Amino acid sequence: MYSIMLYMKTRVTFRVARDLARSLRELPNQTAFVEDALRSALGRTCPTCEGAGRTRWASVAVSDFKEGALPRLDRDGAVQLKSLVRLSRGLAASRLDLAARSEAPGFDFAVHRGRDVLLRGTLAGNTTTFRPN
Amino acid sequence: MAYVITRLCRDCIDTACASVCPCPDCIVEHRPPDGVAALPNQLYIRPDVCIDCSACEPECPWEAIFPEDEVPAVFAADVALNAISAARPKEFVEATVHQSMKPRSDEVDANKRKWEAAGDASETGVVEDRLLVR
């Protein structure tokens, strides 16, 4: 797959310090490495797709209530969670984790995209509160 | 494990369950691209999307929704019927939300008696035969 993609790329030659060239030759994926480094340095990598051109996750995986021993969801909570799931979809998130709050009703939530946490907050009754990450 | 919509839902036009379901594409209708609906006219829960939150269960005016491990034996075949929505997702669309007049309790009871009397070898068997042909 990757070798096919190589034909779609443009060859660029540039000079680097000898020690850097030595390190570069030892890399198994030189093109990808240099491309990532350049994109990162230029600050032009799309944060949603990470430069891939397509979002990586087709749907948002929401915590399973039974597996997570979470309390039953009431009507207001369900409507709030529905909005949160739709927001997570819009953010191309991969996971929405829910955890029961220990001293109050409702849930703490965290919206993830891969290893990044995009949003955190609390879902209680008919109110959703976001916390600075 | 997931929730299951049983045949008690058939021909109901109330989608209160879909209005509270937090997961898009979880409660679905059978709308195959060829327009030929081979499954009964009811809503289905995709077991691969359901998060077991239980929000839909009390909303159903016909009391048609059960946790998978609590589905009455007489409606056991409906578990497999719901699972079809996960196996062939392209034939299903997210249920449109619209409210209707709620049935009276005697109508709910009459509906239960009707389907319980029909037993497990009811319409579902015919549908499964049709599915095998596809």
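This is a predicted model: local features need pLDDT of at least 70, side-chain atom pairs count only at pLDDT 80 or more; totals for chains, interfaces and linings use all residues.
1. Domains of chain A. The domain assignment divides chain A into domain 1, residues 2-42, and domain 2, residues 61-131. The C-alpha centres of these two domains of chain A are 41 Å apart. A residue pair gives another distance: A:Leu27 and A:Asp76 are 49 residues apart along the chain, and their C-alpha atoms are separated by 54 Å.

2. The loop at A:Leu27. This residue sits in the loop that links helix 2 (18-25) to helix 3 of chain A. A:Leu27 counts as exposed because it has 11 C-beta neighbours inside 10 Å, and the cut-off for exposed is 12 or fewer.

3. Helix 3 of chain A. The helix covers residues 30-42, which makes 13 residues. After helix 3 of chain A comes A:Gly43, with a positive phi near 65°.

4. The sheet of chain A. Five strands of chain A form an open sheet in the order 1-2-3-4-5, and the pairing is mixed. Strand 1 (61-62) and strand 5 (127-131) of chain A are the edge strands, each pairing on one side only. Within the sheet, strand 2 and strand 3 of chain A are antiparallel to each other and joined over six bridges. One residue can be followed across: A:Asp97 has A:Ala110, in strand 3 of chain A, as its bridge partner.

5. Make-up of chain B. Chain B has four helices and five strands. Along the sequence they follow the pattern β-α-β-β-β-α-β-α-α. Of its 134 residues, 35% count as buried. Among the contacts in chain B between residues at least 6 apart in sequence, 87% join residues at least 24 apart.

6. Most residues other than glycine have a negative phi, and most peptide bonds are trans. B:Ser54 has a positive phi near 75°, and B:Glu63 has a positive phi of about 55°. B:Ser54 is in the loop between strand 3 and strand 4 (65-67) of chain B; B:Glu63 also lies in the loop between strand 3 and strand 4 of chain B. B:Ser54 is partly exposed because it has 19 other C-beta atoms within 10 Å, and burial takes 20 or more. B:Glu63, with 17 C-beta neighbours inside 10 Å, counts as partly exposed.

7. The contact between the chains. Chain A gives 15 residues to the contact and chain B gives 10. The side of chain B that touches chain A consists of eight nonpolar residues, one polar and one charged.

8. The largest nonpolar core. This core has 46 residues, and those touching the most other members are A:Leu96, B:Cys17, B:Cys21, B:Ile27, B:Leu43, B:Ile45 and B:Cys56. Elements of both chains each supply at least two residues, among them helix 4 (75-90) and strand 2 (95-100) of chain A, and helix 1 (16-20) and strand 2 (27-30) of chain B. The largest share, four residues, is that of helix 4 of chain A.

9. Surroundings of A:Leu96. Apart from its neighbours within four places in sequence, A:Leu96 is in contact with A:Val60, A:Val62, A:Ser63, A:Leu84, A:Val85, A:Ser88, A:Phe109 and A:Val111.

Definitions and conventions:
Residues are numbered from 1 along each chain as its sequence is written. Chains are lettered from A and ligands numbered from 1 in the order in which they are written. The expected span of a helix is 1.5 Å times one less than its number of residues. Two residues are in contact if their C-beta atoms, placed from the backbone, lie within 7 Å. Ala, Val, Leu, Ile, Met, Phe, Trp, Tyr, Cys and Pro count as nonpolar, Asp, Glu, Lys and Arg as charged, and the others, Gly among them, as polar. A nonpolar core is a set of buried Ala, Val, Leu, Ile, Met, Phe, Trp, Tyr and Cys residues joined through C-beta atoms within 7 Å. Domain bounds come from an automatic or database domain assignment. Two strands pair if DSSP finds at least two bridges between them.
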